[in-house]
Structures are given as C-alpha cells and as structure tokens.
2 protein chains.
Amino acid sequence: MYCLLKLAPLFLAVAVCNGWLFGDFVGKQKEQDEISLWPLPQKFQSSAVAFKLSPASFQIVHAKQSSAGPSCGLLENAFRRYELYSPLFTFEPVLCYKRFCSLCVDELSIDEPSAVLKAANVWGALRGLETFSQLVYEDYYGVNNINKTDISDFPRFAHRGILLDSSRHFLPLKVILANLVTMAMNKFNVFHWHIVDDQSFPYMSRTFPELSQKGAYHPFTHVYTPSDVKMVIEFARMRGIRVIPEFDTPGHTESWGNGIKDLLTPCYSGSSPSGTFGPVNPILNSSYDFMTQFFKEISTVFPDAYIHLGGDEVDFRCWESNPDIQKFMAQQGFGTDYSKLESFYIQRLLDIVAATKKGYMVWQEVFDNGVKLKDDTVVEVWMGNKMEEELQNVTRAGFTTILSAPWYLDYISYGQDWQHYYKVEPLSFPGTDAQKKLVIGGEACLWGEYVDATNLTPRLWPRASAVAERLWSDKSVTDVGNAYNRLVQHRCRMVKRGIPAEPLFVGHCRQEYKGL
Amino acid sequence: MYCLLKLAPLFLAVAVCNGWLFGDFVGKQKEQDEISLWPLPQKFQSSAVAFKLSPASFQIVHAKQSSAGPSCGLLENAFRRYELYSPLFTFEPVLCYKRFCSLCVDELSIDEPSAVLKAANVWGALRGLETFSQLVYEDYYGVNNINKTDISDFPRFAHRGILLDSSRHFLPLKVILANLVTMAMNKFNVFHWHIVDDQSFPYMSRTFPELSQKGAYHPFTHVYTPSDVKMVIEFARMRGIRVIPEFDTPGHTESWGNGIKDLLTPCYSGSSPSGTFGPVNPILNSSYDFMTQFFKEISTVFPDAYIHLGGDEVDFRCWESNPDIQKFMAQQGFGTDYSKLESFYIQRLLDIVAATKKGYMVWQEVFDNGVKLKDDTVVEVWMGNKMEEELQNVTRAGFTTILSAPWYLDYISYGQDWQHYYKVEPLSFPGTDAQKKLVIGGEACLWGEYVDATNLTPRLWPRASAVAERLWSDKSVTDVGNAYNRLVQHRCRMVKRGIPAEPLFVGHCRQEYKGL
C-alpha cells in the first residue's frame with residue numbers, strides 16, 4: 001500500500017503582512033534548533049522561511065496519486081484529529097485495515113503551495129501527521145505558522161511499547177484511552193496490556209464469565225466487558241497502536257483461582273492442605289483443557305499476531321509442599337528441579353497457543369529455563385542484573401527480543417530520572433550484527449502497585465517520552481541538553497492537548513493543565 | 001464564643017426494617033475498628049448500634065442553646081457542604097469572623113433522636129462536622145448509616161500546616177482551592193503559601209505592579225490578582241484554615257529584581273559588574289524603603305496575625321564579589337563574616353514588619369545567625385541533620401517553633417513513604433516540658449521544583465495525611481498497621497469526594513477517580 005497525502009491548500013502567503021503590520025517581529029520566526037520535535041526524525045532540514053496557516057482554509061486532503069482515498073476511515077479519522085488537534089475519544093469503524101509496516105522511510109515536505117506527506121502505508125501516514133502537527137507553532141499574534149521543512153523519517157526499532165497493569169489497580173477505560181492518545185503523540189506503537197494478575201481479573205471472558213465475576217475487584221464496575229476490550233483495540237488501531245494482551249501463567253494467577261475450581265495448586269502445610277493456593281496446577285489435564293478453551297477465546301478477541309504468555313517469577317514453594325506434585329515429579333524423573341516442572345507446563349501451554357496460529361511473547365525466564373520455543377517467539381528481557389549477558393544469550397540462540405529492564409517506570413526517585421532512561425543504548429551488548437538485528441525494540445513498563453487513575457498519567461509522561469525517542473530516533477541522538485529543551489516543549493504540547501504530563505523541572509507552560 | 005450545634009432530625013429508626021427486609025445483613029453493621037476516621041480523635045467510643053440517614057430528611061441545624069445562628073454564614077456554608085458532601089468551590093461572604101482557637105475540647109455524640117456536636121467555637125464545629133461526615137458509611141443497599149458514637153476531640157498541636165510553592169511552578173487557583181478542601185478533610189489548619197521565589201513572582205502587588213508584570217512567568221495568565229488572593233484567603237477561612245504568606249528575603253529573590261531597580265546586589269566578576277544579581281542589596285536605604293511599603297501592603301492584604309519572612313539559604317558569593325558591599329562590611333566592622341551582614345538586613349526587616357503589628361515566622365537560619373527576634377517569633381526547623389539539636393536550641397531560647405524537616409514531601413521514593421512521615425515523633429528531642437510546649441506544630445512541605453497542576457494533588461495526598469494524624473492525634477497513636485487500614489479508606493473517601501489522592505498499595509476503591 002502506498003499513500004501519498006497532499007496537504008493543501010495549507011498556507012496563506014506570508015509576504016504582505018510581514019513588511020509592516022508585523023513590524024518588529026519579522027525575523028522572529030523559529031529557528032531550526034527551536035523546533036521541538038519529539039522523537040527527533042531521522043533526517044530533518046528546516047529553514048527560517050515560515051508560512052502561516054489559516055484556520056478558515058487549512059485542510060488535509062488525499063493526494064490524487066494516493067492509493068488511499070475517502071473510503072479509508074482510519075485516515076479520514078486521523079485527518080479530522082489533526083486538522084483541529086483535540087484528543088477526542090472518538091470511535092469509528094474503518095475500512096482499510098492492513099498489517100503493520102513500521103520500518104519504511106516516509107517523507108514530509110513543507111513548502112508552498114502545499115505540504116506533501118509521502119508514506120508507504122497508513123501507519124507511516126499517521127506518524128507523519130503527528131510530526132506535521134508538531135511543526136506548527138503559534139507566533140506572537142496567535143497565528144499558526146510552519147516553517148519550510150524537509151523530513152525523511154523511520155523508526156529505529158519496530159517494537160515501541162508501553163506496559164500498563166490493570167490488575168494491581170483497575171484502570172478505568174478513560175485512563176487507558178487517554179494514554180493511547182499520548183502514546184501516539186510519542187510514536188509508541190505497542191500497548192502491552194498486562195490485564196490480569198494475582199490481585200484481580202478484570203477481563204470479562206465470554207467462555208468463563210466466572211473469572212471476572214469472582215476474580216475482579218468488583219464484578220460490574222471493575223471489569224473490561226467485551227465491548228470495552230473491542231473499543232480499546234479499535235481506538236488503538238486508529239492511532240497505529242497494536243494491543244498485545246498478557247495472560248501471565250503459571251504464576252501471578254491467584255485471582256484466576258477464584259473462578260476456576262482446581263486450576264491452582266493447593267499448598268500444603270505438613271500433610272494437609274493449608275487452604276492457600278499456588279501457581280496453576282501443572283499435573284492435571286483439566287488445567288490444559290481450560291487453557292485450550294481460554295486461549296482459543298483470547299486468540300479471537302485480540303487481533304494482533306502476538307499474545308504475551310508471561311511465565312515470570314514462578315514461586316516453587318507451593319509445588320514443593322504438595323504430595324501429588326511430588327509424586328508427579330518423581331514419575332517424570334524431574335528429581336527436585338522444579339524449573340523442569342515449570343518448563344513442562346509452559347511447553348504444553350505454548351503448544352496450545354501455537355495451535356491458535358498466534359505468535360507468543362514471554363518473559364525471559366521461559367528462555368532461561370530451556371523451554372523449546374517457536375522460531376518467531378519474542379523474549380522480553382526485564383531483569384536489570386546481567387541484562388547484557390541475557391541479550392547476548394537470547395540473540396545468540398536466534399530469538400528476537402525486546403528490552404524493558406532499564407525502563408521500569410514504576411520505580412520513582414527525586415529529580416530528572418528521565419535522563420537515565422534516555423541514556424540507555426539497547427544495542428550496547430557484545431554481539432554480531434545479526435544478533436543486534438534481533439533486538440526489535442523495547443517497552444516502558446508502569447507496573448501498578450502504586451499507580452491508578454489518580455496518578456498514572458503524570459507518572460508515565462513525559463518519563464516514557466525519553467524511551468520513545470530512544471526507540472525511534474537515530475543511535476547518535478544522545479545529547480541530553482538538546483533533548484531537555486525539546487522535551488520541555490513536548491511536555492507542554494501534551495499538556496496543551498489535555499494530558500497531565502508532569503514537569504521536568506522549574507518553569508511554565510504557556511497554557512497550564514486545566515484539570516486537577 | 002460558644003457554639004452548640006444540634007444536628008436534627010438526623011435519623012430514621014432502624015428497628016422496622018432490620019428484622020426481615022435486610023435479612024442476612026443484620027449484624028453486618030460496621031464495628032468500631034472498621035470505622036475509618038482520619039485523623040483519629042482523642043477519645044472515641046462507638047457501638048455496633050447503627051442508625052440510618054435519609055437523604056429526604058437529613059439536615060444539620062443550629063441547636064437552640066447555640067450562640068451561633070443563621071447569621072453565621074461560615075457555619076451555614078459548612079452545613080450545606082456537609083449535608084450533601086461535595087467539594088464545591090463556593091465562595092460566600094460570612095458574618096461571624098473570630099480569631100482561631102485550636103486547642104479546645106469539642107464533643108460529638110451520635111444517638112437517637114439526634115446527634116449533638118458541641119464546640120467551643122466555629123473552628124471546632126468545622127472539625128466536628130468533618131468527623132461526623134467520616135462516621136457515615138453506606139450499607140449494602142447504598143443507605144447511609146451512622147453508628148451510635150461518642151467522641152471528645154482536640155488537636156495535639158495547634159499549627160498543622162501545608163506548604164505549597166507557587167513560584168517554581170505557577171499553581172492555578174483551582175489547584176490551590178482543591179487542596180484547601182483536602183486540607184480540611186485532614187484537619188490541617190494552616191496554608192503556608194510560599195508564593196514567590198527566585199523563579200517567578202506571581203503575586204500581583206497593588207503598590208508595585210511591576211513585580212509581577214516583570215517577575216511572573218506571564219504577566220496576565222500566571223499571576224494571582226488581588227481578588228484571587230482574597231478568594232484563597234476567604235475560601236480557606238470558610239474551612240478553618242489560616243493563610244500565612246511567605247515573602248522570602250534576602251535570598252530567593254531573583255524574580256523581584258526584574259521589577260524593582262537596584263533592589264538586588266549586582267555581582268562582580270573581577271572589578272566590573274558581571275550582569276548577574278545576588279540577594280537583596282542590604283547596604284542601600286532604598287531597599288528598606290521598598291520593604292517598608294511592600295510589607296505595609298502585605299500586612300493589610302493577608303489578615304493572619306503572622307507573615308513568614310523566609311531568611312533561608314542566603315548565598316554570600318555575590319555579596320563577597322561586590323566592592324561596595326566589601327566597603328560597607330569594613331565600615332560596620334563585620335570583617336569577612338557575611339552572616340553578620342545577613343543579620344544586619346534581617347534585623348532591619350523584622351523591625352519594619354513588627355511596625356505593621358504583625359508577628360513573623362522565619363526559617364531556622366535566622367535564629368542560628370543570632371538575630372534578635374521578637375518574643376512571639378515562630379522559628380521553622382527545616383534542616384534534617386541535627387534537627388533535634390536545633391529544636392533543643394530554639395526552645396531553650398524560649399521561642400515557639402514548628403517542625404517541617406521530616407516532612408519534605410517533594411522528596412519521593414518507591415513504596416510507602418507515608419510510613420516514615422507517620423513514625424516521626426515531634427517531641428522526641430531532649431528538653432524540659434516547658435520546651436516541649438513551645439513546639440506548636442509542624443508543616444508538610446511540597447516544594448515546587450518538580451510539581452505543578454499536573455501532579456501536585458496525587459503527590460501530596462494521602463502522603464500528607466500521615467502528617468495530619470501525627471499533628472492531630474494523641475502521641476500514643478502510632479500503630480502503622482491500624483493506620484494503614486484507616487488510611488486506605490480515608491484515601492478512597494478523598495477520591496470519592498473528587499480528589500485524586502494516590503493509592504497506598506494494591507487494591508481498589510468502590511468508586512474510582514473519575515478525572516484524568
């Protein structure tokens with residue numbers, strides 16, 4: 001698919017007024033280094049020549065040569081968003097759904113009589129529209145200006161994700177949608193939805209409604225209905241964002257046990273059950289029957305080609321306490337190595353999910369434990385210690401990987417911690433070029449222990465913006481001072497668009513946050 | 001002044017329905033330890049007997065014996081707020097303005113046929129209304145209940161403050177008012193308004209309008225007009241909160257210099273001025289003439305008996321570089337001890353302010369430097385190291401003091417840092433009973449370097465609530481586990497009332513935050 005977008009008629013001529021009406025302000029147009037693009041494009045050439053945009057006549061149109069036209073609802077919708085920028089939570093069906101292509105070079109050229117955006121596909125067109133919107137600035141009189149500019153752009157990494165956790169605290173739909181809007185402003189393209197965990201199960205399953213009825217914080221108010229999930233997926237797609245749901249097993253499943261009898265392992269205290277439960281019971285066929293049905297549903301509800309299957313932090317103590325598990329271990333010849341039992345479970349689960357034709361992502365432990373993985377598995381490296389060694393090992397084994405270890409944004413500290421996130425170089429580990437190519441991106445993770453609707457958005461932004469630029473812009477873009485200046489403006493842009501992104505340091509925005 | 005408030009007709013009889021209509025839920029009324037009062041009253045006796053409140057007939061009225069009546073706008077206003085709790089930003093003139101009395105024992109008795117709140121003054125009545133509102137809880141059917149209860153209450157410390165900083169970032173009026181509302185929910189009674197500093201001067205002065213015209217981040221949008229200031233003061237007063245403004249000199253004054261010529265000391269680089277400026281110039285009479293006029297205005301704009309004069313963190317390097325200052329130092333016989341010059345300035349400033357009949361508060365350095373202080377001076381101890389030694393010294397010298405050192409809430413860290421604030425015992429320093437009595441309270445300080453409208457409220461609450469209970473409740477109230485359980489409910493109560501107070505840990509509120 002090849003979309004050529006002609007943005008016309010964009011401009012009023014600048015010549016007439018500048019001579020005398022604007023008097024003192026001739027030459028006060030923004031210089032190249034004042035333009036606050038975020039993340040920085042791959043190639044960017046701006047001149048001091050500025051054109052004015054008139055609200056009365058500005059519009060974005062399909063170019064005649066474009067393969068996309070008015071029937072492409074996704075672009076029509078995006079045109080409307082960017083024509084009068086407002087992060088409205090619109091939701092509309094679209095007609096032109098294509099697979100993502102994130103690594104094509106797209107071009108944006110701002111000149112008279114019109115600006116032209118060339119994109120290889122609709123996703124590139126969306127990114128280009130965001131770039132265009134960031135180039136527009138108000139002059140002293142409140143008139144929108146845009147400088148003559150040429151941009152060629154593409155992301156450095158294909159997978160640029162944000163993990164939100166709706167289990168430790170339920171996140172109202174409004175919060176998720178607002179953060180999808182903000183992700184698009186930062187050119188993130190993956191929403192890793194850590195939707196359930198020990199604490200609660202808000203996902204409402206059609207096949208197993210008792211999971212949320214008994215596992216959610218509240219069965220009516222703290223759940224995501226099928227139509228909620230559909231809305232999140234579609235709202236994200238309209239902004240070029242994939243939704244990868246995570247259903248983490250066999251650990252992190254306490255809330256699953258409320259609704260599904262015998263799914264979890266009964267823990268023992270001495271020779272009798274203690275009344276508490278551990279990970280998914282890996283020795284019962286019923287567990288695998290359940291997973292088969294459950295992931296069959298998940299594979300149809302979520303259109304993305306990948307599902308995240310978790311597999312992290314399995315606590316062996318409950319398995320060790322259970323005599324039936326002990327017997328099974330002996331039968332299988334696992335000795336007392338419970339990681340073998342974990343692998344036994346994961347192996348069967350992966351086969352179940354593979355049968356749904358989905359690819360899967362897993363946390364690094366699954367790889368570390370030697371589970372046999374499909375070639376297209378994506379391994380997520382999250383442990384901070386020995387991170388480079390892990391990247392080496394995973395890529396040496398030929399698996400694609402994404403990095404989240406340096407970007408656990410739930411850990412907060414006093415001061416400008418965004419700089420730490422910004423300074424990470426994902427490919428600094430020792431390895432061949434082929435190994436480096438297997439690192440397809442990264443994720444900023446905002447785990448939910450201390451985060452809910454009250455504080456999520458300002459805690460995530462603009463700290464995650466640092467990760468956004470690291471994953472989009474060229475490896476050479478590392479100047480923290482330059483980044484600071486652009487990020488200050490980018491954060492005010494988010495505030496102006498209604499997002500409570502917190503300040504980097506002292507200062508002000510021309511237009512401060514209007515909410516609470 | 002003695003107000004007796006009779007709250008009637010409060011209740012519908014509980015007997016009829018409980019027998020069969022409510023079936024299973026008889027006996028499911030809240031037990032005493034489930035009631036989530038915050039801060040905990042001094043004496044509290046609750047029974048499992050519960051009364052139901054009907055929205056149709058519930059009202060709060062003046063008791064016949066009360067010295068206050070319908071002409072007391074402050075109470076009428078409070079009655080309306082608490083009858084249908086909603087943190088509306090109402091603003092109305094009131095008739096019965098009296099001086100604060102914060103240490104009287106007030107009583108609240110919930111029983112049939114009516115609850116009675118006895119308070120020695122309107123401020124105690126306001127606190128009692130808040131307590132009353134916290135006793136009300138919804139049963140399974142959404143009906144409001146209140147248990148038979150007897151409470152005697154008074155604050156342990158008279159000065160319970162929150163410092164907000166509107167200079168590092170401008171805080172829109174809406175944010176300040178919302179936090180005054182939340183302060184009242186936590187029984188704080190002092191808003192320490194750190195209104196100006198180096199970074200900006202948002203206070204619009206009638207006498208010197210150029211201070212904000214040239215010193216604010218923006219002369220129209222980032223200022224507090226006289227009517228804004230008046231609204232803050234009145235809005236606070238309606239909730240029993242004093243407003244103590246801080247105009248910090250001679251340091252922290254960079255923004256003052258934009259509007260007032262020659263107010264700041266020109267710094268020198270070698271033998272010529274460097275173009276930068278330091279603290280207020282203490283050797284010019286014009287500086288003192290300015291301060292005389294300026295504080296004359298401040299003393300009339302702010303009705304509180306105290307003004308905070310700052311006096312912290314004076315950087316001597318600029319004074320040291322300036323040849324005129326050096327000459328003055330020699331004339332005065334100060335040698336090279338610039339703290340003597342600082343004291344020289346502060347001494348004259350204190351005399352100027354004393355002439356306005358106001359009391360003053362100062363940061364601890366002013367005391368440390370040996371400045372002669374009026375007997376009624378309040379010294380604020382903010383330095384964490386040698387805090388106990390400082391408290392000893394200040395009280396040994398006979399000065400009243402407030403403590404903020406352990407409660408700098410701008411410093412954030414991962415996890416439940418509210419517990420650190422909670423565990424502080426303000427009177428743990430060695431000293432006589434007379435010395436301990438001089439510690440009249442404390443303040444939670446949220447300095448503004450990293451805080452603005454986007455993140456202030458969730459960062460402040462419920463962390464400041466820990467300080468609220470430390471300053472209100474009995475010294476023996478130190479059980480962190482019990483506090484956790486109550487604070488979880490108190491934070492959900494704040495959320496329900498529209499305040500984005502952040503979560504303590506995993507869990508949920510029956511009604512989550514509805515904003516962004």
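Which residues of α10(B) meet which residues in α11(B)? I found Ile325(B), Gln326(B), Phe328(B), Met329(B) and Gln332(B) in α10(B) touching Tyr338(B), Leu341(B) and Phe344(B) in α11(B), contact being heavy atoms within 4.5 Å.

Before going on, I note that this is a predicted model, where local features need pLDDT of at least 70, side-chain atom pairs count only at pLDDT 80 or more, and totals for chains, interfaces and linings use all residues. Residues are numbered from 1 along each chain as its sequence is written, chains are lettered from A and ligands numbered from 1 in the order in which they are written, and side-chain values use heavy atoms, with hydrogens and water left out.

Next, the helix geometry. I looked up the axes of α10(B) (residues 323-332) and α11(B) (residues 338-354): they come within 11 Å and cross at roughly 85°. Axes are lines fitted to C-alpha atoms, for helices over the stretch in contact, and angles run from 0 to 180 degrees between N-to-C directions. So α10(B) is roughly perpendicular to α11(B) (65 to 115 degrees).

Then the strand. I see that five of the five residues of β15(B), residues 359-363, are buried, so the strand is largely enclosed by the rest of the structure; buried means under 20% relative accessible area (1.4 Å probe, protein chains only). Gly359(B), Met361(B) and Trp363(B) cover one side, Tyr360(B) and Val362(B) the other.

Last, its neighbours. Three bridges join β14(B) to β15(B), running parallel, with Tyr306(B) opposite Gly359(B). Three bridges also join β15(B) to β16(B), again parallel, and there Met361(B) has Val378(B) as its bridge partner.

Notes
Buried < 20%, exposed > 50% of the residue type's maximum accessible area, 1.4 Å probe, protein only. Helix = DSSP H or I, 4+ residues; strand = E, 2+ residues; numbered from the N terminus. Pairing = 2+ DSSP bridges. Parallel < 35°, antiparallel > 145°, perpendicular 65-115°, else oblique.
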